[in-house]
Amino acid sequence: NSLKPIIAAPGYTLNLEHRVARAPAAVHPTDAEWMIVLDGAGTFTVGGKLAPASGGDTIEGGQARHIVKGDMILVPENTPHMLAPDSGVVLVLATLHMPHHSAATPGRGGEPKLFNAAADLPAMMAKAKAAVPASPRFFAGAPLLSLPPIRIGLEYRSPKGIASVHKNDGEFMYVIAGEGHIPTGGTVTNPKDTGANIDGDDMVGATDHLMKAGDFIFVPKGLPHKAISDGEFVLATLHVQ
């Protein structure tokens, strides 16, 4: 098994993990963990308790689920979990730990959603695409995963887009499907303060990033950016403090 950083951001590290064998069960006392299956397949077990007879190496009473490429998982803090690749298969994951304290967030943002299947994505994307023309914003979508206040959303982007600056949070983006452009930096033209954001028509002096399915990008707090495409461009987005 191996792990290496993909993106290092203030307080967060997005890692690439290759699993060739079952690793010991784990519990993260204060962090939730976002997992994206990038390739391969395996079994994900969550919940229950660490098995004393195994020295905490395995789980008793957990729920096992077969996972495949495109599946996404959100593991709450203080929750036993374990991954095992299928025989002869390399399970490839992107993983991100986020500080979370569920006791401090009751009733905020609806019910948790801790698993999103790759098989559900086509219908979700089709529904979002149909909603774009009537959307008051520049995209349409739905939650992929949620553990209030953590929310990972699907965004089907429209060609119009706007420039935006998030005053209070950074943003991780993962391209689920299609391709498009995410320019960053420069100066926002015709800026308007909307409270949490500063929005504008465009940016001057930005650096363009051509983004394709499977790509990741992190936009730090305070950095102008936008996401546009003439065709299909579907993102998973996560805002972090």
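**Overall fold, largest pocket and local geometry**

The model is predicted, so local features need pLDDT of at least 70 and side-chain atom pairs count only at pLDDT 80 or more, while totals for chains, interfaces and linings use all residues. Residues are numbered from 1 along each chain as its sequence is written, and side-chain values use heavy atoms, with hydrogens and water left out.

Along its principal axes, the C-alpha trace spans about 65 × 35 × 30 Å. The protein chain contains one helix and 22 strands, taken as DSSP runs numbered from the N terminus (helices H or I, at least four residues; strands E, at least two). Buried residues account for 49% of the 241 residues, where buried means under 20% relative accessible area, exposed over 50%, and partly exposed in between (1.4 Å probe, protein chains only). Of the contacts (heavy atoms within 4.5 Å) with a separation of 6 or more, 75% are between residues 24 or more positions apart. The accessible surface is about 11400 Å², and carbon and sulfur atoms hold 55% of this area; the areas come from the Shrake-Rupley method with a 1.4 Å probe, and for residues only the protein chains shown count as cover.

The largest pocket holds about 670 Å³ of space. It is lined by 32 residues, of which R151, D169, T237, L238 and H239 are the closest to its centre. A pocket is here an open set of points on a 1 Å grid over the protein atoms alone, where a 1.4 Å probe fits, with protein on both sides within 12 Å along at least five of seven lines; lining residues have an atom within 4 Å of a point. Grid points are joined across faces, edges and corners, and the volume is the space filled by probe spheres set on the points. Strands that each supply at least two lining residues are β10 (91-99), β12 (139-147), β13 (150-157), β14 (163-166), β15 (170-181) and β22 (233-240). The largest share, six residues, comes from β13. The lining comprises 15 nonpolar, ten polar and seven charged residues; Ala, Val, Leu, Ile, Met, Phe, Trp, Tyr, Cys and Pro count as nonpolar, Asp, Glu, Lys and Arg as charged, and the others, Gly among them, as polar.

Most residues other than glycine have a negative phi, and most peptide bonds are trans. The bond from P148 to P149 is cis, with omega near 5°, and P149 lies in the loop between β12 and β13. A positive phi of about 60° is found at N78, in the loop between β8 (72-75) and β9 (81-85). N190 has a positive phi of about 50° and is placed in the loop between β16 (187-189) and β17 (192-193). N78 is exposed at 54% relative accessible area, and N190 is exposed at 56%.

A142, in strand β12, is partly exposed at 28% relative accessibility. Leaving aside neighbours within four places in sequence, A142 is in contact with M124, R151, G153 and L154. R19 lies in strand β2 (residues 12-19) and is buried, with a relative accessible area of 15%. Not counting residues up to four places away in sequence, R19 touches N1, L83, P85, V89, V90, L91 and L93.
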